[in-house]
Amino acid sequence: MSRRSVVVLLLCLACGEAAAHAFLDRALPAVGSVTPQAPAEIRLIFTQKLEPAFSTLRVFDAAGKRVDKNDKQVDASVMRVSVPPLQDGTYRVVWRALSVDTHVTEGDYTFQIGK
Amino acid sequence: MKHLTHALGALCIAASVTGGGEASAHGFAGKRFFPATLATDDPFVSDELSLPTIGQRRLGATDDGPGALQTSAALDYTKRITSNFGVGLSANYLRQRNADGTTAKGFDNWGLSAKYQFYKNDPGEAIASVGLDWDVGGTGARAVGAESFSTFTPGVFVGKGFGSLPEGAKYLRPLAVTGAFGLAVPSRSSTTSSTVFDDDGNPAVERHPDVLKFGGSVQYSLPYLHSFVKDVGMPDPFRRMIPVVEFDLQKPIDRGAGGWTGTINPGVIWAGRTMQLGLEAVIPVNSRTGGGMGLLFQVHFFLDDLFPQSLGRPLF
């Protein structure tokens, strides 16, 4: 490859407005964890800033009933929702994240309350 | 090279002034992220740039000459025209140090490609596409073996994640496989030499067979494990790594067909926010393929993440 070609490519890369898909980096309670104490909220930390209006976070119990308080909050790359006192059992967290550059990612995971 | 410079420049400009197209994703099917593999074609259509892909391996001896230690530096660029249809351009610079002490260097033939993604199942983490590769004859250096004729390779590409496995097998959910199946058809069935003659003094005839191509990968996604199955507390950069084993095999099927050749490539890919790095060992499957272990290293950019509003969007 000639130097001129490399320069053209690097110029293209250098003038980019870097953003990216929002991957789930950490979660509280952690993905797949077993916690003895019921959490007061579910908190997800993403790799990118999120667009609050189009990002969602819901929590379901083992029977498929939604149990969160539907009060989702987004602060930069952190999305959280509060939950009432939860009984021991398995819960599924379902999220959809729209990063500020309009890329959508989605996913789900479970955690358990109990010993 | 002037053509490459002009083509890349035109693509940059065209993409920068075009705003249409929906924001889509490189290598996603549902929550599954398929990384770009180093040795074989991916099943998805995307805006991506591999620059460079550096490889070194020892080639097997052929009828044309002794084995050689080949070092390559390649560029691959793919651009979405629509969200499901894309085109690609590839160039590969080769340096071959032959067993007899001579050295040959130059570009291999240019590669052009088109791919259409016709199937995606998000819950099933499945994706499939069809494509056509065109090895453009006569655009490379004869010294490094670039053919004077073109080769067309229609192919089918598939990817499947195992995220829907039951709870009892949850640690296998990060597994995914990809496959690439193609038939390389040369535009010329044989070449008559004007400089090489057989024992009877007749010009030597080199036959060009159709070649069956079979490649793919088995990959275990640690990002998938941490985000969707269980956060086992692995620190960065390991939690962003995807161990992978690629295989890249081919077999001539007519015109004096020979046996299978190819490589098995175990390695690891680290996937960041806007780029990925990959390193693989290149292990020949038999002596016909070559000797010893080679290496493959790639720097790969997600242009749809780097330039979401311009170069990384579909044109239409």
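The model here is predicted, with local features needing pLDDT of at least 70 and side-chain atom pairs counting only at pLDDT 80 or more, while totals for chains, interfaces and linings use all residues. Residues are numbered from 1 along each chain as its sequence is written, and chains are lettered from A and ligands numbered from 1 in the order in which they are written.

## The sheet around it

β1(A) and strand β3 (residues 41-46) of chain A run antiparallel, joined by 4 bridges; strands pair if DSSP finds at least two bridges between them. They belong to an open, antiparallel sheet of 4 strands, ordered β1-β3-β6-β5 (chain A). β1 (24-28) and β5 (73-75) of chain A are at the edges with a single partner strand each, so each has one side without a neighbour in the sheet.

## Chain A as a whole

Chain A has 1 helix and 8 strands (DSSP runs numbered from the N terminus: helices are H or I, at least four residues; strands are E, at least two). Among its 115 residues, 31% count as buried (20 or more other C-beta atoms within 10 Å of a residue's own; exposed is 12 or fewer, partly exposed is in between, and C-beta atoms are placed from the backbone).

## Over in chain B

F297(B) sits in strand β17 (residues 290-302) of chain B. F297(B) counts as partly exposed because it has 15 C-beta neighbours inside 10 Å.
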